[in-house]
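Thanks for coming. I have one structure to show today, and I will keep it brief.

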Amino acid sequence: MIGVVDGALPERTHEYRNHHLDSTRWDNYAARDDDVIITTAYKAGTTWTQRIMASLILGPGPLYADLWEISAWVDARFHGPVEPMLERLAAQEHRRFVKSHLAADGLRFFPEAKYIVVGRDTRDVFMSLFNHYAAYTDAVYARFNDPDRPGPELPRCPESPHDLWPRWISDGWFEWEPDGWPFWSHSHHLSTWWDVRDLPNVLFVHYRDLKSDTEAEMRRIAAFCDIAVDDERWPELVASVGFDAMRAEARERNLMAFAFEGGADTFFFKGANGRWRDVLLLERHKLTSGTTWHAAGLVGQLRATHNLTRLAKYTAELFARLEEETGLSTGFRKCGYLQLATTERRDEAYLRETAYMRSVGMTKEVLSPSEVADLVPLMRTDDIIHGFWTPDEGRANPVDVTMSMAKGARQRGARIFEETEVTGFLLDQGRVVGVRTERGDGALRSHSASASHSAAEIQLVCPRSSPYASARIARSISDSIAS
Ligand SMILES: Cc1cc2nc3c(=O)[nH]c(=O)nc-3n(C[C@H](O)[C@H](O)[C@H](O)COP(=O)(O)OP(=O)(O)OC[C@H]3O[C@@H](n4cnc5c(N)ncnc54)[C@H](O)[C@@H]3O)c2cc1C
């Protein structure tokens, strides 16, 4: 903490010098009043924000040079002598936007410049850092660990994230930092900037918000930097900072190949959050071999409780976009769902249902008999009081849905084992701490048994589970029935 109070400006109280960083490179930086300084600890959206600034300032077209040249990382010790970098920056005629990975207690603070601080969930930062660190080439290690390096060498990346995490989260590289070994601290960086978040020239941006609504965040950044953008330009500006566009640009310019095995594809890995989750799915037979195999695939949204309805609504939205993410179709067709009321009591029930569905944000239209006839010309409508039309519902192929979801889960790090029956649970003082299978035991932090009609069997092997709903399913198959 730097303990800034009442609008006081941050002060440099620490020198950050190691294999990567040298905060003294800022000593001769001649700031301009309209400079923008983008700062994160690392892997929190720095390059993304630099690219956003490039589009806002230079327009959406191809960059006139590599991004790292246009938007220099000033405190990067391994980028060679600082003087040529400062000369290049001094020669820039457009508005400048530079990058720093320094905490607020290590970076020079210019009251007229603007500072954009980008935050991200620590666990996502860690996973992204591991991906980045694990791909460092021998050439880049040699650059970091040159003989003039201050402090110890950057050690080689451990085998797995599990080997790096304990030390990264509990040891500092610099003595005043609580964590971040062998780099520097993400938490210290953020907390020092958080202390000055109320200064008018400091803007906080979050990676999650950049991902969920890039345009809204770009607009915030543009407003903060006093950059006016015509409304019709937003679509192309947003497209120019998409992950695929940035990856393609980096590939084309052959950026990152020196530093990373796999070049741009490694640097712009997935940009996904939540990869730290360790999810294991055990299936005793094959995926879809349970009730799913029999389902007709109708995708309705109304459920018995508010939360189940919201979940079903989310499911219908997910089915519609899952293919984009996984490349596997769910067979979802939004053909709509029509209910007919032919008695007063049914009509009242559907009217209540309609009011409820609208209250949770769903679209449901009440149709007159002639509107029903327009929708389904073949139908007789003289006995209908109202039709109730839910346009967002439809049908999907249950097997394809499952396969697409399984692929998406695998893409996010989940592991799926088929032909692996759960035969018991391991308990510690009444708490489930592990799972027993025919193929061995495994530790669990939490578990969810989705055994459908076998829920009761699961309860037999796990006295702590109690089925939310245990269903018995009866099914009959007949020969064709003559009409
Ligand atoms: C005829 C029919 C039609 C239906 N139509 C529709 C419809 O149109 N729309 C709709 O939304 N829903 C429909 N449903 C309901 C729908 O099929 C289910 O809600 C859904 O498939 C449940 O999925 P699930 O993954 O929870 O269960 P399941 O698909 O049954 O999966 C449970 C899995 O757990 C596995 N398992 C069980 N015990 C163990 C163990 N000890 N260890 C490891 N694995 C185990 C099983 O092998 C199984 O694969 C229909 C159901 C039926 C029967």
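This is a predicted model: local features need pLDDT of at least 70, side-chain atom pairs count only at pLDDT 80 or more; totals for chains, interfaces and linings use all residues.

Three strands make up an open sheet, ordered S7-S9-S8, and the pairing is antiparallel. At the edges are strand S7, residues 337-341, and strand S8, residues 365-367, each of which pairs on one side only. From one strand to the next, the twist averages 25 degrees. S7 and strand S9, residues 386-390, run antiparallel and are joined by 5 bridges.

Next, Arg 108. You will find Arg 108 in the loop between strand S2, 97-100, and strand S3, 114-119. How exposed is Arg 108? Arg 108 has 17 other C-beta atoms within 10 Å; a residue needs 20 or more to be buried and 12 or fewer to be exposed, so Arg 108 is partly exposed. Setting aside neighbours within four places in sequence, the contacts of Arg 108 are Arg 12, Trp 26 and Tyr 29. Take Trp 26: Arg 108 and Trp 26 are 82 residues apart in sequence, yet their C-alpha atoms are 6.7 Å apart in space.

Last, the ligand. There are 23 residues around the ligand, and those that come nearest are Gly 290, Thr 292, Ala 295, Leu 298 and Ser 452. By type, the shell has 8 nonpolar, 10 polar and 5 charged residues.

Technical notes:
Residues are numbered from 1 along each chain as its sequence is written. Two strands pair if DSSP finds at least two bridges between them. Helices (H or I, at least four residues) and strands (E, at least two) are DSSP runs, numbered from the N terminus. Axes are lines fitted to C-alpha atoms, for helices over the stretch in contact, and angles run from 0 to 180 degrees between N-to-C directions. Two residues are in contact if their C-beta atoms, placed from the backbone, lie within 7 Å. A residue is near a molecule or strand if its C-beta atom, placed from the backbone, lies within 6 Å of it. Ala, Val, Leu, Ile, Met, Phe, Trp, Tyr, Cys and Pro count as nonpolar, Asp, Glu, Lys and Arg as charged, and the others, Gly among them, as polar.
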